[in-house]
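User: Please examine the surface and the aromatic side chains of the following model. I have several questions about them.

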Amino acid sequence: MKALLRGALIVSLLAVAGPTMAQGTGYASLGYVFGSLEPRHSNNDASVNALQFAFGGWLNAQQTFGAEGRIALGVGNDTITFTDATRRRVEIDRYYGAYLRAQFPNTVPIRPYGLFGTTLVETTERLTSSRSRRYSDISLGLGVEVDLDSNIFLSLEYLRAVDRNSSEVSNLTVGIGGRF
């Protein structure tokens with residue numbers, strides 16, 4: 001049932017964002033993610049990084065409420081020690097997200113914003129063999145964009161991607177983007 005609800009959210013966000021982006025109010029950004037992954041039954045967290053592509057569109061003329069999708073690929077790994085004393089290498093393979101976004105109007109040069117949506121994170125753990133794991137949950141985030149000119153911006157964001165069943169994934173992202 002949860003997968004069905006998440007799928008419906010993603011489809012509805014893309015359906016609404018598609019026509020808005022055709023009107024010239026879309027945006028895209030590229031960011032570097034400094035991630036933290038703490039699986040259940042671990043003694044520490046892993047610093048796992050990713051390269052993220054985000055795209056979205058506005059649902060109103062004031063550009064204060066929008067829909068956003070994200071795709072990221074992992075670019076590093078770290079070691080986690082579990083409660084049974086095993087140490088495993090862990091890395092993010094990829095993650096996907098769909099979010100609703102609320103922000104100050106686009107006329108303000110520094111805009112705080114908030115995100116609400118869902119994220120699916122796929123990882124690989126290695127000891128003597130590889131094991132894939134998936135983490136997904138409702139996600140909440142806060143960020144700020146700073147305009148460099150009317151179509152280019154820098155962003156800084158914190159996203160709590162997963163906080164479920166004693167597993168946590170959180171991201172700090174620095175990025176650059178453009179409006180079209």
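**Surface patch and aromatic contacts**

Analyst: Tyr-32 has a relative accessible area of 32% and is therefore partly exposed. The model is a predicted one.

User: Is Phe-34 buried, partly exposed or exposed?

Analyst: Buried requires under 20% relative accessible area and exposed requires over 50%. Phe-34 has a relative accessibility of 41%, so this residue is partly exposed.

User: How are the rings of Tyr-32 and Phe-34 arranged: stacked, tilted or edge-to-face?

Analyst: A pair of aromatic rings is described by the distance of the centres and the angle of the planes. For Tyr-32 and Phe-34, the centres are 5.0 Å apart and the planes stand at 70 degrees. Planes over 60 degrees apart count as edge-to-face. The arrangement of Tyr-32 and Phe-34 is therefore edge-to-face.

User: Which strand gives the largest share of the nonpolar patch?

Analyst: The surface carries a nonpolar patch whose members include Tyr-32, Phe-34 and Phe-53, with about 870 Å² of accessible area together. Strands 1, 2, 8 and 9 each give two or more residues to this patch. The largest share, three residues, is that of strand 1.

User: Which residue lies over the face of Phe-82?

Analyst: Charged side chains are placed over rings at the following sites. The charged end of Arg-70 sits over the ring of Tyr-99, at 5.0 Å from its centre. Over the face of Phe-82, at 4.3 Å from the ring centre, lies Arg-88.

Key
Residues numbered from 1 in each chain as written. Predicted model: local features only at pLDDT ≥ 70, side-chain atom pairs only at ≥ 80, totals over all residues. Heavy atoms only, no water. Patch = residues over 30% accessible without salt bridge, like charges linked within 9 Å, V, L, I, M, F, W, Y side chains within 5 Å. Areas by Shrake-Rupley, 256 points an atom, 1.4 Å probe, with all protein chains shown as cover. Salt bridge = Lys/Arg side-chain N within 4 Å of Asp/Glu carboxyl O. Helix = DSSP H or I, 4+ residues; strand = E, 2+ residues; numbered from the N terminus. Phe/Tyr/Trp six-rings, centres within 6.5 Å; stacked < 30°, edge-to-face > 60°. Buried < 20%, exposed > 50% of the residue type's maximum accessible area, 1.4 Å probe, protein only. Lys NZ or Arg CZ within 6 Å of the ring centre and 35° of its normal.
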